[in-house]
Amino acid sequence: MKYAIVRQDGVTEIREDSYPLPEGAFPLTDSQYDELLSGQYILQNGQIVVNPNPPKQL
Amino acid sequence: MTTVIGGSSPSITFSDSTTQSTAALPLTGGTLTGALTPSTTSGIVGTTLGDNANAGSVGEYISSTVAVGSAVSLSTATGAFTGKTITSISLTAGDWDIFGSVGINNASTTNFIAAAGGISTTSDTLSSSYEQETRFSYGASGLVLNNVISFVVPTLRVSISSTTTYYLIGYAQFTVSTATAFGQIMARRRR
């Protein structure tokens, strides 16, 4: 299962494993997972939104 | 051919003419105490369904990623700085391969002396072995980069008998401005 979880320090982890969804985690579709991995999107208040500070492009 | 188990009454008899009952259940559970030798060419057939191995089964996969958009801050390095945990995974008992990548992001004026990354069993601490980390040194005067750097870290094989946490560690030594670290740690249960 793919999911995102926000740590106590505010950092969002994008995770995948075969265990039950942890408490407080946000299940992700494949496309949502890829969006978050790209860095072009971030998880904010439980919603996937455009990253206002996206990584620099070559 | 007829095979008789026992030899005296009562005994169990199997023969080539024995047919499987339509009500028979598939073989499941139990422990095979001898070696399992599949065909050398067919081997063990893998999945084609895009699914995932169960937790505890060979092939189980675990990953955790902190993307560049949520990178962790690195301290301005001093001699005491040993690295910063980017993310971690918890592995149950088994024989695993762990692999990953680390990225270091910079501000426009960040002057890097060194950058490194690796997998460790201690949070905020690079492995003490150079062979178990990826490291770049940029010289005493440092180097200002115009974009992120990212690199793979050495694959680690572990055979563990109890649940253990593995940390993805990022490290940078720099003299100006700020730096952050991001990356991905992944593990595959091999047996």
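The model is predicted; local features need pLDDT of at least 70 and side-chain atom pairs count only at pLDDT 80 or more, while totals for chains, interfaces and linings use all residues. Residues are numbered from 1 along each chain as its sequence is written, chains are lettered from A and ligands numbered from 1 in the order in which they are written, and side-chain values use heavy atoms, with hydrogens and water left out.

Strand S3 of chain B (residues 61-66) is joined to S2(A) by three bridges, and the two strands run antiparallel. Strands pair if DSSP finds at least two bridges between them; helices (H or I, at least four residues) and strands (E, at least two) are DSSP runs numbered from the N terminus. A:Ile14 stands opposite B:Thr65 in S3(B). S1(A) and S2(A) form a hairpin with five residues between them, and A:Gly10 in the turn has a positive phi of about 90 degrees.

Five of the five residues of S2(A) are buried, so the strand is largely enclosed by the rest of the structure (buried, under 20% relative accessible area; exposed, over 50%; partly exposed, in between; 1.4 Å probe, protein chains only). A:Thr12, A:Ile14 and A:Glu16 point one way, whereas A:Glu13 and A:Arg15 point the other way. In a regular strand the side chains alternate between the two faces of the sheet. A:Thr12 has a relative accessibility of 10%. Leaving out residues up to four places away in sequence, A:Thr12 touches A:Ala4, A:Ile5, A:Val6 and A:Leu43 as well as B:Thr65, B:Val66 and B:Ser70.

The contact between the chains (heavy atoms within 4.5 Å) takes 21 residues from chain A and 27 residues from chain B. About 1700 Å² is buried between chain A and chain B, with carbon and sulfur atoms giving 44%; this area is the accessible area (1.4 Å probe) that two parts lose on being put together, summed over both. Zero salt bridges are found across this interface, a salt bridge being a side-chain nitrogen of Lys or Arg within 4 Å of a carboxyl oxygen of Asp or Glu. On the side of chain A that touches chain B, strand S2 (12-16) and helix H1 (30-38) each supply at least two residues. S2(A) gives the most, with five residues.

Over all chains, nine salt bridges are found in the whole structure. The side chains of A:Asp30 and A:Lys2 form one of 3.0 Å, N to O. A:Asp30 lies in helix H1 and A:Lys2 in strand S1 of chain A, so the pair ties together parts that are 28 residues apart in sequence. A:Arg7 and A:Glu13 meet in another at 2.9 Å, N to O, and A:Glu13 is buried at 6% relative accessibility. A network of salt bridges links A:Arg7, A:Asp9, A:Glu13 and A:Arg15. In chain B, the closest N and O atoms of the salt bridge between B:Asp95 and B:Arg191 are 2.7 Å apart. B:Asp95 lies in strand S6 (residues 94-106) and B:Arg191 in the segment after strand S12 (179-189), 96 residues apart. B:Asp95 is buried at 7% relative accessibility, whereas B:Arg191 is exposed at 62%.
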